[in-house]
Amino acid sequence: MLQKLDAVNHAKPFRGPFEITRVQPGDILGDETADSAFGPLAIIDHAVIKKGVIIKMHEHVNDEILSYVSTGVMHHKDSAGFKAPIARGKLMMMNAGTGFWHEETVKENEVEMLQIFVRPTETDISPEIQFHDKPLANEDWYVLAGPVGSEAPLKIRQQVYILDAHPKAGEELKVPVYLNLTPFLYVMNGEITIQNLKIGKKEAVTDLVNPLPKLVANVDTTIILFFVDMNASMSLGGTISGLKN
């Protein structure tokens, strides 16, 4: 049975020039769990950041973080000495492990982006940072990240896959199946219909038993699709991913 996560109940821990809508994927399960995570998929921070904002150097520990920009350019600087502009089509994965510091600056136009937090399998693994350039407007699914040992371009130290697609208005799209993994589909922008259920911006849908049916994009849409091992071993030591409520 399809289960929907509505946008109305999301928390907003930061407001103003730096605004975050904090999506807790586990909320889609209702009273079935006391944890706000969906397996090891801990948090999706859907951020809108105005020109001129500097998010000063800060540390993450034991978080696996995918930065996914929809519009604008986020300028990244970190403790490993990397400086890079993160924009649409330019992905960044921070595997924080024992500790990783970074700073983010918006110098030009407003940025809309996701920071996706996954709980790693273990605590205090060595820190790493990864980058990948992807197609800008793939209408079909594109694999962004996946477990170590998979063919995904960015590696997550967990049994989680992340894909995106940008279907045009009226386009029908089949949802893939990953054996023994549970889907969680998030609409970043736009709106889809899936089995007569409308899923709009900042909303999500899952089915804990069956594969997700095909979807139709009601308008041009950006969707992020997760496949998660709901029974995976995981660390709760993450700065953000370790939060349970």
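A pocket, as the term is used here, is an open set of grid points, on a 1 Å grid over the protein atoms alone, with protein on both sides within 12 Å along at least five of seven lines. In this predicted model, the largest pocket has a volume of about 250 Å³. Its lining comprises 18 residues, of which F18, I20, D45, H58 and Q115 are the closest to the pocket centre. By residue class, that lining divides into 10 nonpolar, four polar and four charged residues. The strands in the table each supply at least two residues of the lining of the largest pocket.

| Strand | Residues |
|---|---|
| β3 | 18–23 |
| β4 | 41–49 |
| β5 | 54–60 |
| β11 | 111–118 |

An open sheet of seven strands, with mixed pairing, runs in the order β1-β20-β17-β22-β15-β13-β14. Because β1 (2–5) and β14 (154–156) stand at the edges with a single partner strand each, one side of each is left without a neighbour in the sheet. From one strand to the next, the twist of this sheet averages 20°. Within the sheet, β13 (residues 142–147) and β15 (residues 160–165) pair in the antiparallel sense over three bridges, and V143 stands opposite L163 in β15.

Aromatic side chains form a further set of contacts. A pair of aromatic rings is described by the distance of the centres and the angle of the planes. The structure holds five aromatic pairs, and ring pairs link F38, F184 and F226 into a cluster.

Definitions and conventions:
Residues numbered from 1 in each chain as written. Predicted model: local features only at pLDDT ≥ 70, side-chain atom pairs only at ≥ 80, totals over all residues. Heavy atoms only, no water. Pairing = 2+ DSSP bridges. Helix = DSSP H or I, 4+ residues; strand = E, 2+ residues; numbered from the N terminus. Axes fitted to C-alpha atoms, helices over the stretch in contact; angles between N-to-C directions. Phe/Tyr/Trp six-rings, centres within 6.5 Å; stacked < 30°, edge-to-face > 60°. 1 Å grid on protein atoms, 1.4 Å probe; cavity = no way out; pocket = protein on both sides within 12 Å on 5 of 7 lines; lining within 4 Å. Points joined across faces, edges and corners; volume = space filled by probe spheres on them. Nonpolar A, V, L, I, M, F, W, Y, C, P; charged D, E, K, R; others polar.
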